[in-house]
Amino acid sequence: MRIGELAQLALTQTETIRYYEREGLLPQAMRSDANYRVYEASHVKRLAFIRHCRSLDMTLAEIKTLLHFKDAPNDNCAEVNLLLEAHIGHVAARIRELRTLEKELKRLRDQCTSAQAGAACGILSGLDKASSTPRPACAAPLSAHVPGAHGQVGTPAKSQPCVT
């Protein structure tokens, strides 16, 4: 099959497939005489595995590690267990961050309970005040909001207790 058909079967954009090939997650496809990529059922299966791991918010580095063990079925999978434990830790930390975010948003919402002029809006006032106040050193970087932005397995998270 060609890349368009693979993309349809795997519900993945063609550029993502090419990216996964460049990153070594998906094996390079054979080429036809006309130099088109030719994919097989194994590509569909591997792409489905990658997509499922991404849906679990795993990084490409984590997925690459998992694929290494998938490709070497006789190797000891202790590192897979460690990887999953580290990922579970990331998810738990993210849940705590999201709960804090939810509380902050609810506090903001409670500052303006009725429709009024924008100049008197407690939400806008609260956002303005917060944006002009320096963020604490322990605050998550803005990039942490992007799914999959956590560090590599084995890299301890650099977090500090936050006093608010």
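A polar contact is a pair of N or O atoms within 3.5 Å; within protein, one atom must be able to donate a hydrogen and the other to accept it. The model shown is predicted.

Start with the whole chain. Its secondary structure consists of six helices and two strands. Read from the N terminus, the order is α-α-β-β-α-α-α-α. The chain has 164 residues, and 23% of them count as buried. Its accessible surface is about 11,900 Å². Carbon and sulfur atoms hold 56% of that area. Now take the contacts with a separation of 6 or more: residues 24 or more positions apart make up 43% of them.

Next, go to the loop between α3 (41-55) and α4 (60-71), where Asp57 sits. Asp57 is buried, yet it has no salt bridge. Which side chain of opposite charge is nearest to Asp57? It is Arg54, 5.2 Å away. Asp57 does have a polar partner. Its side chain makes a polar contact with the side chain of His90, at 3.4 Å.

Helix α5 covers residues 78-109 and includes Leu98. Is Leu98 buried, exposed or partly exposed? Leu98 counts as partly exposed because its relative accessibility is 39%. Leu98 also belongs to a nonpolar surface patch, together with Leu101 and Leu105. That patch spans about 250 Å².

Conventions. Residues are numbered from 1 along each chain as its sequence is written. This is a predicted model: local features need pLDDT of at least 70, side-chain atom pairs count only at pLDDT 80 or more; totals for chains, interfaces and linings use all residues. Side-chain values use heavy atoms; hydrogens and water are left out. Patches are made of residues with over 30% relative accessible area and no salt bridge: like charges are joined within 9 Å, nonpolar side chains (Val, Leu, Ile, Met, Phe, Trp, Tyr) within 5 Å. Accessible areas come from the Shrake-Rupley method with a 1.4 Å probe; for residues, only the protein chains shown count as cover. A salt bridge is a side-chain nitrogen of Lys or Arg within 4 Å of a carboxyl oxygen of Asp or Glu. Helices (H or I, at least four residues) and strands (E, at least two) are DSSP runs, numbered from the N terminus. Buried means under 20% relative accessible area, exposed over 50%, partly exposed in between (1.4 Å probe, protein chains only). Lys and Arg count as positive and Asp and Glu as negative; His and the chain ends are not counted. Contact means heavy atoms within 4.5 Å.
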